[in-house]
Amino acid sequence: TLRKPISQSSMADWASKNLNMHTQGIFRRRISISNMLSWNGGSIKKPMLITSNRTIKKEACEMFKLVQSYMGDRQTRMDRNHVALVTVTKCWSMQGLRDELYIQLIRQTTDNTCYRSLAWGWELMAISLAFFSPSPKFQSYLEGYIYRHLDSDENIAQRIKELVDLKNKKNSKSRKKRKQNTEDEGLPISTYAKYCYRKLQKVAITGGKKGLRKPTVEEITHARNAILTPSLFGSSLEEIMLRQQDMYPGNKLPWVQTQLSQQVLALGGEQTEGIFRIPGDIDEVNALKLQVDQWRMPSSLSDPNIPASLLKLWYRELEEPVIPQQFYKECISNYENPDAAVAVVQLLPELNRLVLCYLIHFLQIFAQPSNVGRTKMDVNNLAMVMAPNCLRCQSDDPRVIFENTRKEMSFLRMLIVHLDTSFVKGLV
């Protein structure tokens, strides 16, 4: 979990130290912080954040135009998918642009009188969080901003009305006005904010998209769809089962778990040296993840390390681990007692128990002596690579983490050796 969001005064203090204060007019007067962080219909001549990097200085101003284009505040020939792709790719490739993008999005979603533009700004933030995190020093600022919008729909509607009334008074004689829109077009802002809040928590830990391949249009579309349709990765077991209810109503286990497990075996994983220890190509794993999230399992796979790596990722990214947090102490207390370890499994909620038993049954296949000779992955090695994906230590103390890691491995080893999982055969 993240730190408690910093206060408004702390955020103002942060802004005063980090914003690259802009000027305006013939006397080049400095713009106030509140104006610097309010919607702007024009372009900017320098970055929003202080930087000495010349490339960042140039790219930041171009990126502001892309943000405006995505939000519908600037005309462009590119479709919005392509605008998002260019924006995200710039920041994914150039770490120094990431905070700049997030501060630009904060600006363009503050005091924005067009609801559609506002919603698209939040949408671009949600998409961006699927690919990269802000820097640690900017993280609290962004979290604080998102946090203030978790239940803000009534306030936003009221604020738009106030700003529109104010502008109408000022511009009553002017014909040229920005199209005002207080109608709800699309999702409530709180929906975007809640998604962004959860996504920020996860990306702050995972670091976002890895690999050498640049982001793709498919990944952009997938990131946008995930706002309303939660991913199979990073969700809770209950959410996943609820999502598959329509497609696989009779299944008792998550489709993603059984399909990836079967793929590993179908490709000869139990005969592959270093299975689960040697990672699959990260770009291939990312590509498979994209397809699995669309309920598709490609027939072109050849390397069992690809589905094996994705399967480990699925377990690791579950919102709550397979063995829920409230059972953690019992697990590490009974890491040397086979009967007590097996007894803990029987205490788990039904869904967690089935998912864990399916995993243990799967690992027991690899633990057979005939397979260990090929894979070089005995029961100790299997427990070592899979324990961190089933149990999560909540302590920040390195000594506690180190000591508990050994106990977690030993607990999982006990289950692989002693847990009767015969009832799992044929279960889907």
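Predicted model: local features only at pLDDT ≥ 70, side-chain atom pairs only at ≥ 80, totals over all residues.
I started at Arg224 and found a polar contact of 3.2 Å between its side chain and that of Tyr70.

Next I checked what else Arg224 does. Its side chain has a polar contact with the side chain of Asn81 too, at 2.8 Å. Leaving out residues up to four places away in sequence, I get Tyr70, Asn81, Glu123 and Ile127 as the residues Arg224 touches. Arg224 sits in helix α10, residues 217-225. Is Arg224 buried or exposed? I looked up the relative accessible area of Arg224, and it is 18%. The cut-off for buried is under 20%, so Arg224 counts as buried.

**Salt bridges**

Then I went through the charged pairs. How many salt bridges are there? The count comes to 14.

I opened Lys194 and Asp151, a salt bridge whose closest N and O atoms are 4.0 Å apart. Lys194 is in helix α9 (residues 189-206), while Asp151 is in the loop between α7 (136-147) and α8 (153-170), so this pair ties together parts 43 residues apart in sequence. On accessibility, Lys194 comes out partly exposed at 43%, and Asp151 is exposed at 68%.

Arg198 and Glu319 were my next stop: a salt bridge again, with the closest N and O atoms 2.2 Å apart. Which parts of the chain does this pair link? Arg198 is in helix α9 and Glu319 in the loop between α14 and α15 (328-333), distant parts of the chain that are 121 residues apart. I have both down as partly exposed, Arg198 at 34% relative accessibility and Glu319 at 38%.

Asp397 is partly exposed at 26% relative accessibility, whereas Arg399 is exposed at 68%. Looking for shared partners, I found one network of salt bridges that joins Arg198, Lys202, Glu239 and Glu319.

**Helix α14 against helix α19**

Last entry: a helix pair. I took helix α14 (residues 305-317) and helix α19 (residues 379-390); their axes come within 7 Å and cross at roughly 35°. Which residues meet here? From α14 I have Lys312, Tyr315 and Arg316, and they meet Val385, Met386 and Asn389 of α19. Sorting the residues of this contact by type, I get three nonpolar, one polar and two charged.

Terms used:
Residues numbered from 1 in each chain as written. Heavy atoms only, no water. Axes fitted to C-alpha atoms, helices over the stretch in contact; angles between N-to-C directions. Helix = DSSP H or I, 4+ residues; strand = E, 2+ residues; numbered from the N terminus. Contact = heavy atoms within 4.5 Å. Nonpolar A, V, L, I, M, F, W, Y, C, P; charged D, E, K, R; others polar. Buried < 20%, exposed > 50% of the residue type's maximum accessible area, 1.4 Å probe, protein only. Polar contact = N/O pair within 3.5 Å; in protein donor to acceptor, adjacent residues only side chain to side chain. Salt bridge = Lys/Arg side-chain N within 4 Å of Asp/Glu carboxyl O.
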